[in-house]
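Welcome! Please take a moment to look over the sequence and the model below, and then we can go through a few questions together.

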Amino acid sequence: MTYRMAKVIVDVPSRETDRPFDYLIPQPLAGWIEVGSRVGVPFGRRTVQGFVVSLHEQPEMDPARMKPVQELLDLLPPLPPDLVELAEWMSRKYACSMISALQAMIPSALKGKAERYIRAAEPEDAPESGGAAELIAAGSAAEPFRGGQEEEELRRETGSLPSLSALLTREEEEIVAHVKASGTVTMTQLGGRFPDQAAIIKDLLNRGVLTESQAIKDKVGKKTVKSVAAAVSGKAAEDALASFGAQAKRQKEVLQFLLEVGMPLSLQELLSTLRVTAGTVKKLAEKGYAVIEDVEVFRDPYQGRRFKSSVPLERTPEQEIVYNRLAAALDAGRPEVFLLHGVTGSGKTEVYLQTIERCLSLGRQAIVLVPEISLTPQMVERFKGRFGGKVAVMHSRLSSGERYDEWRKIREGRVEVAIGARSAVFAPFAKLGLIVMDEEHETSYKQEETPKYHARDVAVRRARQHGAAVILGSATPSLESYHAARSAGGDHGGFAPVLLEMKQRPSGSRLPEVQIVDMREELKEGNRSMFSRALHRGISARLERGEQTVLFLNRRGYSTFVMCRTCGYVAGCPECDISLTYHQKSNNLRCHYCGYAEAAPSVCPECGSEHIRYFGTGTQRVEAELAKLFPGMRVIRMDVDTTSEKGAHEKLLQAFREKKGDVLLGTQMVAKGLDFPDVTLVGVIAADTALNFPDFRAAEKTFQLLTQVAGRAGRHQLPGEVFIQSYIPEHYSIVHASGHDYLSFVREELKHRKALHYPPYSRLILVTLSHEKLPLLLRMAENFAGDLRVKAQRLGWFGSLDRFTPAALDILGPVASPIPRIKNRYRFQCMVKYRGDLDAVGLVRETAAATLAGLRDANLQISIDVDPQMLM
Ligand SMILES: Nc1ncnc2c1ncn2[C@@H]1O[C@H](COP(=O)(O)OP(=O)(O)OP(=O)(O)O)[C@@H](O)[C@H]1O
Ligand SMILES: [Zn+2]
Ligand SMILES: [Zn+2]
């Protein structure tokens, strides 16, 4: 079948261009262009990159009026068709543009930009009349192949100079000669070489002596190295060896070595092994005895690193039950979703490893998603150790070249397992059999920039396309997932995971003893330090015994809420059941959901104490205090500041493992995935900071974090101890975390969510409008909300979620955003809360488009966040 027309999504980020454009497929490209191909197409006066989303046998309009595809950028399309379909789904589900969804799926190295090239016109190009414009059009249709090899290609194409050359001035001749000699140059290069002759260059272009074309150039290319191999063998080789005179001893050595090795070697390696110069090898090549070639290689971020190989452990009875259930789904090729709820250290990772092995044995591939923060060397080691070279790692700390190469290994089928953060969910495997999402409750699975997708929902969707299984694993599953598993269906994007549980640790070690320390009592007894007496004693004891301590400080909620240090009172919104945020400028407290505001109190409204202030403490302050309390103690601090350098995270952990530190002090980074045998004490400095974050998930986040941190202690032989310091020790999230009691926590939390119609009993869409002018923004925000209300009413959706109807939609706001101004732009937000089978996203998108279209001012921005995780 030959296709003559392609629909292309162009890489031009604007609302007007968010639709496919039609292009003719020129004859030479027919058969090469596929759905998912990356192409260069003329767009207005430019050449832009685009992606083919569908192919058609016949053009839908007069071909004479259509432009042709100009170039095909890769022989293997970067996107297999299933990802193109997934992008369409994402665009509907998250109200994002197609191009943003497609771009999210490929490495940044492939985000090519047009580059303008100049070359000397070929004789047959010689213009009879007309100018350069026509030549470009003709040229682009005739030479579609301008991919990575474009320069090479162009160089070969450049023929002899047209007869016009006779008419050139000396200056002109010099320019043309330069262009000819270089084959092809970019506009910038030519301008740089002849800085004062722009007018002459332009004139040459107009007259058609030089022609200009545009081609897409990738930011990062494939990497090559010079490789050497013998070019002779058998009798010819013997003759060659015999022919070297005494002065060519080195050349003879090289040839001998190459013949012995019998395969191509990197030039670098050859030179260092034999200690010869490149000149020697070159001479050998000139004689025709050896060939030097550029060979494509993959940049390997883990080059030179050995991974201790591991074999599957014998499964515990719990692991056996879970494994068998997973294996059955894999064997049947059913797109089933599982929620693996296993306590910390219960051997979930071992289950993942063995299930992946099963998947690979069925000839299918697997994706492992982990939160960025826990993509630690320890984690990578476990997968590399089991699957060796079959693993590609996608890490945000890789260079874009390294990332591109890891991605290519996946696309070209050179690896079978991809492990990475969020975006690894798009790993372009051909036969996906399994997606594992570790720590499925982590908020980092939601992307905060456009496209604002949640990797969990994308994973489920992809798995359905491939008939693949999904494992969502966690010691503290998100309430959404757990509720969906329990109530079969729930309101969780329409899928109900099968619940699998593991309650014991294979090592037989017990979960650590957790003690809650009431910091109000400490203050009452005159201890004003951030360390309770119990935690202080605990640290001292570890120091004496040579054991280690992990101290955890929550970064979330830094300096944002007001708390009474005497009674633990925290100011909350009377309507929304979340804590109020302190605004220093106006010295008041505000609710970011509904807009409620009150003056900041100077004495506690509960107990009258004056110890009421906004709360927050940084790791540096803790470090300083530790130095005062425990002189000489070695503290390793791990936070955003100390881990910004590449590899820093790794080095700090390595130092702690080697016991070069007594205490590891840090933020979220220390909470996850660490497995150190000598850690017997975990201290949580202030459990409340997360609790008072203005977010309806605050209690859930607190519970999850405390459980994760506590799980770091006593994982091996030595028993562990955990102290949680809190000003609200009676809060259910703290009480249940200390008892390792997920179920009781869930029961209590679900009651609250239900009463206030928060997820999982509803779904949310956060709409943020921004503009530089406040009055205009306010008016537009009110228009938008009003318009949305009217439309929802007309559909019979609008109404309070309090009423006992299966479907309802409510609109809160507009209110000023928690961060009311960013980069001189004011921000207002509306929260859409709904339940039932409504296309609320579609309605919001349509209303937003109408609001934008009704305003001539292009400065208004409306961002739509579906299922928001960050409510700031
Ligand atoms: N079947 C088994 N037999 C013996 N040891 C096991 C077995 N399965 C797992 N382990 C060991 O138990 C420890 C915890 O296992 P693993 O790290 O897989 O648990 P996890 O549930 O993934 O932990 P986390 O809570 O950190 O996510 C590891 O040291 C692991 O090697
Ligand atoms: Zn008080
Ligand atoms: Zn409120």
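## Helix packing and a ligand shell

Helix 5 and helix 7 are roughly perpendicular to each other. Keep in mind that this is a predicted model.

Q: At what angle do helix 5 and helix 7 pack?
A: Helix 5 covers residues 170–182 and helix 7 covers residues 198–207. Their axes lie 11 Å apart. An angle from 65 to 115 degrees counts as roughly perpendicular, and this pair is therefore placed in that class. The packing angle is about 75 degrees.

Q: Which residues of helix 7 meet helix 5?
A: On the helix 5 side, the contact is made by E171, E172, I175 and V176. By class, the contact of helix 5 with helix 7 has 5 nonpolar, no polar and 2 charged residues. The partners in helix 7 are I200, I201 and L204.

Q: Is helix 12 roughly parallel or roughly antiparallel to helix 13?
A: Helix 12 spans residues 317–332, and its axis comes within 10 Å of the axis of helix 13. The two axes cross at roughly 30 degrees. Angles under 35 degrees count as roughly parallel, so helix 12 and helix 13 are roughly parallel.

Q: How many nonpolar residues are in the contact of helix 12 with helix 13?
A: Helix 12 brings Q319, V322, Y323, L326, A327 and L330 to this contact, and helix 13 brings E350, V351, Q354, T355, R358 and C359. Among these residues, 3 are polar and 2 are charged. The nonpolar residues number 7.

Q: What is the handedness of the crossing of helix 1 and helix 2?
A: Helix 1 (residues 81–93) and helix 2 (residues 98–105) have axes 9 Å apart and an angle of about 130 degrees. That angle makes helix 1 oblique to helix 2. The crossing is right-handed.

Q: Which helix gives the most to the shell around ligand 1?
A: In this shell, 19 residues surround ligand 1, and the closest are T344, G347, K348, T349 and P506. At least three residues come from each of domain 4 (317–502) and domain 5 (513–558 + 616–755). The greatest contributor among the helices gives 3 residues and runs over residues 348–361. That is helix 13.

Q: How many polar residues are in the shell around ligand 1?
A: The shell can be sorted by residue class.

Definitions and conventions
Residues are numbered from 1 along each chain as its sequence is written. Chains are lettered from A and ligands numbered from 1 in the order in which they are written. This is a predicted model: local features need pLDDT of at least 70, side-chain atom pairs count only at pLDDT 80 or more; totals for chains, interfaces and linings use all residues. A residue is near a molecule or strand if its C-beta atom, placed from the backbone, lies within 6 Å of it. Helices (H or I, at least four residues) and strands (E, at least two) are DSSP runs, numbered from the N terminus. Ala, Val, Leu, Ile, Met, Phe, Trp, Tyr, Cys and Pro count as nonpolar, Asp, Glu, Lys and Arg as charged, and the others, Gly among them, as polar. Domain bounds come from an automatic or database domain assignment. Axes are lines fitted to C-alpha atoms, for helices over the stretch in contact, and angles run from 0 to 180 degrees between N-to-C directions. Angles under 35 degrees count as roughly parallel, over 145 as roughly antiparallel, 65 to 115 as roughly perpendicular and the rest as oblique. A crossing is left-handed if the near helix is turned anticlockwise from the far one by less than a right angle, and right-handed if clockwise. Two residues are in contact if their C-beta atoms, placed from the backbone, lie within 7 Å.
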